[in-house]
Amino acid sequence: MKSAVSFDENYWRGRYATGRTGWDAGAVTPPLRDYFNQLDPDYARRILIPGAGNAYEAEYLHGLGFSQVFVADLAPEPLAALQQRVPGFPAAHLLQQDFFELPAVPPYDLIVEQTFFCALDPHLRPAYARQCAHLLRPGGTLAGLLFDTDFGPVTEPPFGGTRAEYRAYFEPYFDFVHFDTATNSLRPRQGRELFISLRRKLVL
């Protein structure tokens, strides 16, 4: 069922203003840190982090030498926070835009998922999977974390879910490379996160 609340720019600006940012770990989380560490920064992959929040993932990737990292968020506050923390991060790569309206040309090689999927109204999940496939080149990767837990009848983010539910969204567009419980989650999230690495199908 679609939520009665519109999780638009004003909604998220309100959550930043009131400090309701429980998703914010204050740094890149261990599963993504370890995933990024095994990527080759000499390969100039275009990386998108949608719903990036304070974008510690973008900061970390930038520090590793990745120069084509783009972050998208509805609210300006987290984008400004990244620019303040990392003055050398390209301002043109800070996209205050709706993820569902981002252009697919040129395509991305990697999309990083970190607490964006769980922040969406659940009725948008099929559209999220479709848009990720649309934005990625054939063979591109969607990697990151999904909550593998049920938060009950909540009316605001975060929204949980199940593996079976997630598979139904992604299988039309992606081959599953890795889809299992994260082994190095932050302590409060241990046993409740699913690490995914999905390869966009060559032909949709």
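Mentor: Contact, or touching, means that heavy atoms lie within 4.5 Å. This is a predicted model, in which local features need pLDDT of at least 70 and side-chain atom pairs count only at pLDDT 80 or more, while totals for chains, interfaces and linings use all residues. Residues are numbered from 1 along each chain as its sequence is written, and side-chain values use heavy atoms, with hydrogens and water left out.

Trainee: Which residues of the largest nonpolar core touch the most other members?

Mentor: A nonpolar core is a set of buried Ala, Val, Leu, Ile, Met, Phe, Trp, Tyr and Cys residues joined through side-chain atoms within 4.5 Å. Buried means under 20% relative accessible area, exposed over 50%, and partly exposed in between (1.4 Å probe, protein chains only). The largest nonpolar core holds 29 residues, and those that touch the most other members are Leu48, Tyr128, Leu142, Phe170 and Phe174.

Trainee: Which element gives the most to this core?

Mentor: The elements are DSSP runs, numbered from the N terminus: helices (H or I, at least four residues) and strands (E, at least two). At least two residues of this core come from each of β2, β4, α5 (125-135), β5, α6, β6 and β7. With five residues, the element that gives the most is α5.

Trainee: How many of the eleven residues of α5 are buried?

Mentor: The buried residues of α5 are Arg125, Ala127, Tyr128, Ala129, Gln131, Cys132, Ala133 and Leu135, and they pack against β1, β4, β5, α6, β6 and β7. Helix α5 is therefore largely enclosed by the rest of the structure, the number of buried residues among its eleven being eight.

Trainee: Which residue in β5 does glutamine 114 stand opposite?

Mentor: Glutamine 114 lies in strand β4 (residues 108-114), and it is buried, with a relative accessible area of 7%. Strand β4 is joined by six bridges to β5 (residues 136-147), and the two run parallel. In β5, the residue opposite glutamine 114 is leucine 145.

Trainee: Why are the buried residues of helix α4 on the same side of α4?

Mentor: The buried residues of α4 (residues 76-85) are Pro78, Leu79 and Leu82. They are on the same side because the arc that they cover around the axis, taken from the directions from the helix axis to the C-beta atoms, is only 100°.

Trainee: How far is the sulfur of cysteine 118 from the closest cysteine sulfur?

Mentor: A disulfide is a pair of cysteine sulfur atoms within 2.5 Å, and a search of the whole structure finds zero of them. Cysteine 118 is buried, at 7% relative accessible area, and cysteine 132 is buried too, at 0%. The closest sulfur to that of cysteine 118 belongs to cysteine 132 and is too far for a bond, the distance being 14 Å.

Trainee: What is the omega of the cis peptide bond that joins valine 105 and proline 106?

Mentor: Proline 106 lies in the loop between β3 and β4. The bond that joins valine 105 to proline 106 is cis, with an omega of about -5°.

Trainee: What is the phi of alanine 55?

Mentor: Alanine 55 is in the loop between β1 and α3 and counts as buried, at 1% relative accessibility. Although alanine 55 is not a glycine, its phi is positive, about 55°.

Notes
Two strands pair if DSSP finds at least two bridges between them.
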